[in-house]
Amino acid sequence: MKVEMRKIGSTLAGKTRLQYYIYHTENRYGICIKQIKTETACGTVDGGYRKTIRLADSLLRHRVFPQNLPEILEDYSCAD
């Protein structure tokens, strides 16, 4: 399975660098947040490329940490 990843941006939160990516595998899109040298979280987003980009941009603006991604994605999928 081929995974394409695209970096959306990065930010500093104190001494921690957060990097935000979207990824695409076959017909699924998702978001990864990497907390450099510490933790990474990934999860799929229902709704396609544009929704994935908008959510990833929002997570970046709000400096969301990897440990919060699963709950956010769960809430996001329930909101539709």
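**Salt bridge, disulfide and backbone: a working chat**

Visitor: How many salt bridges does a search of the whole structure find?

Guide: The search finds one salt bridge, the term being used for a side-chain nitrogen of Lys or Arg within 4 Å of a carboxyl oxygen of Asp or Glu. This is a predicted model, in which local features need pLDDT of at least 70 and side-chain atom pairs count only at pLDDT 80 or more, while totals for chains, interfaces and linings use all residues. Residues are numbered from 1 along each chain as its sequence is written, and side-chain values use heavy atoms, with hydrogens and water left out.

Visitor: Which residue does Arg28 pair with in a salt bridge?

Guide: The partner of Arg28 is Asp46, and the closest N and O atoms of the two are 3.3 Å apart. This pair links distant parts of the chain, 18 residues apart, with Arg28 in strand β3 (residues 28-35) and Asp46 in the loop between β4 (39-45) and α1 (48-61). Helices (H or I, at least four residues) and strands (E, at least two) are DSSP runs, numbered from the N terminus.

Visitor: And are Arg28 and Asp46 buried, exposed or partly exposed?

Guide: Arg28 is partly exposed, with a relative accessible area of 35%, and Asp46 also counts as partly exposed, at 42%. Buried means under 20% relative accessible area, exposed over 50%, and partly exposed in between, using a 1.4 Å probe and protein chains only.

Visitor: Switching to cysteines, which residue is joined to Cys32 by a disulfide?

Guide: Cys32 is joined to Cys42, with an S to S distance of 2.1 Å, where a disulfide is taken as a pair of cysteine sulfur atoms within 2.5 Å. The pair links distant parts of the chain, since Cys32 sits in strand β3 and Cys42 in strand β4, 10 residues apart. A search of the whole structure finds one disulfide.

Visitor: Is the disulfide of Cys32 and Cys42 right-handed or left-handed, and why?

Guide: The disulfide is right-handed, because the torsion about the S-S bond is about 105°. As for its two ends, Cys32 is buried at a relative accessible area of 4%, whereas Cys42 is partly exposed at 48%.

Visitor: What about α1, how many residues does that helix have?

Guide: Helix α1 has 14 residues and reaches 20 Å from its first C-alpha to its last, close to the expected 20 Å, a figure that comes from 1.5 Å times one less than the number of residues.

Visitor: Which residues of α1 are buried?

Guide: The buried residues of α1 are Thr52, Ile53, Leu55, Ala56, Leu59 and Leu60. An α-helix has 3.6 residues a turn, so residues three or four places apart point the same way.

Visitor: Which residue with a positive phi follows α1?

Guide: That is Arg63, with phi near 55°, a positive value in a residue other than glycine. Arg63 lies in the loop between α1 and α2 (69-79) and is partly exposed, with a relative accessibility of 42%. Glu26 is also a residue other than glycine with a positive phi, near 50°; Glu26 lies in the loop between β2 and β3 and is exposed at 60% relative accessibility.

Visitor: What does Thr25 contact, leaving aside neighbours within four places in sequence?

Guide: Thr25, in strand β2 (residues 16-25), is in contact with Met1, Lys2 and Val3, contact meaning heavy atoms within 4.5 Å. Thr25 is buried, with a relative accessible area of 11%.

Visitor: And what does Gln35 touch, not counting residues up to four places away in sequence?

Guide: Gln35, found in strand β3 and buried at 12% relative accessible area, touches Thr16, Arg17, Leu18, Phe65, Pro66 and Gln67.
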